[in-house]
Amino acid sequence: AMQNAAISAALVSLVYLLARRLGARAHGAALAALSLGLGTMLWPYAKTAWSEPATALCLYAGLGALWLAQEDERWLWPAGLGVAATVAIRQEFAIAAVGACLWWLVRRRGRGLVPLVLPLAAVAVAALAYDALRYGNAFGFPNYTLPQKKVVKAEGRVSWSLRNVYQYTLSPNQGIVWYSPVVLAGLAGMRNLEGRFAGQIVESAVAIDE
């Protein structure tokens, strides 16, 4: 029952450390960490035994390492392992994993994809082998087909999916914009953060050349 409290604390600490690593001052990094811990759904999820806190920790660690890999490609293996662990916990996060790989592909024109793709491939093989052994069909995806048979979608799957997109983003009762306003602050600051990080890389390159 206490596992997600520890996982959530680790995520808050990781946010602080990564913010400091990217050049934020101590009070700014602490504010970001406290905003995550006290101003988002992390707090209520920390009191449950659900998979969301572990998924968030692995995904954030993987994406954070991938961001740092722009400066030092030794971070690529931690990035790949973090993203792969995310998919191992919640298979639908393969969408985020593919997005991360495509982002790196565009940034580095395919260089260094092996540390990202290899752990994901291992997770995919393990998941398919497990389904084949337990259910007799590696591509039946019972984790999704079996529960969804019990969910009534009278309006159709597409309309049902679009309604859920609205509910999770803009709806007054559970939209992330209203319940996690720090997300908007983070999006607003991304451009400035990326510009500052790019400037640090240029300065480091100039220093090395000199």
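The model is predicted, so local features need pLDDT of at least 70 and side-chain atom pairs count only at pLDDT 80 or more, while totals for chains, interfaces and linings use all residues. Residues are numbered from 1 along each chain as its sequence is written, and side-chain values use heavy atoms, with hydrogens and water left out.

Let us begin with charge. Side chains of opposite charge can pair when their charged atoms come close. A salt bridge here is a side-chain nitrogen of Lys or Arg within 4 Å of a carboxyl oxygen of Asp or Glu, and the count comes to 6. One of them joins Arg21 and Glu71, with the closest N and O atoms 3.7 Å apart. Arg21 lies in helix α1 (residues 3–21) and Glu71 in the loop between α4 (52–68) and α5 (76–89), so the pair ties together parts that are 50 residues apart in sequence. Helices are DSSP runs (H or I, at least four residues), numbered from the N terminus.

Next, look at Asp72 and Arg74, whose side chains meet in a salt bridge at 2.8 Å, N to O. Arg74 is exposed, at 68% relative accessibility, whereas Asp72 is partly exposed, at 23%; buried means under 20% relative accessible area, exposed over 50%, and partly exposed in between (1.4 Å probe, protein chains only). Arg90 and Glu92 also pair, at 2.7 Å, N to O, and together with Glu52 these residues are linked in a network of salt bridges.

Methods. Helix = DSSP H or I, 4+ residues; strand = E, 2+ residues; numbered from the N terminus.
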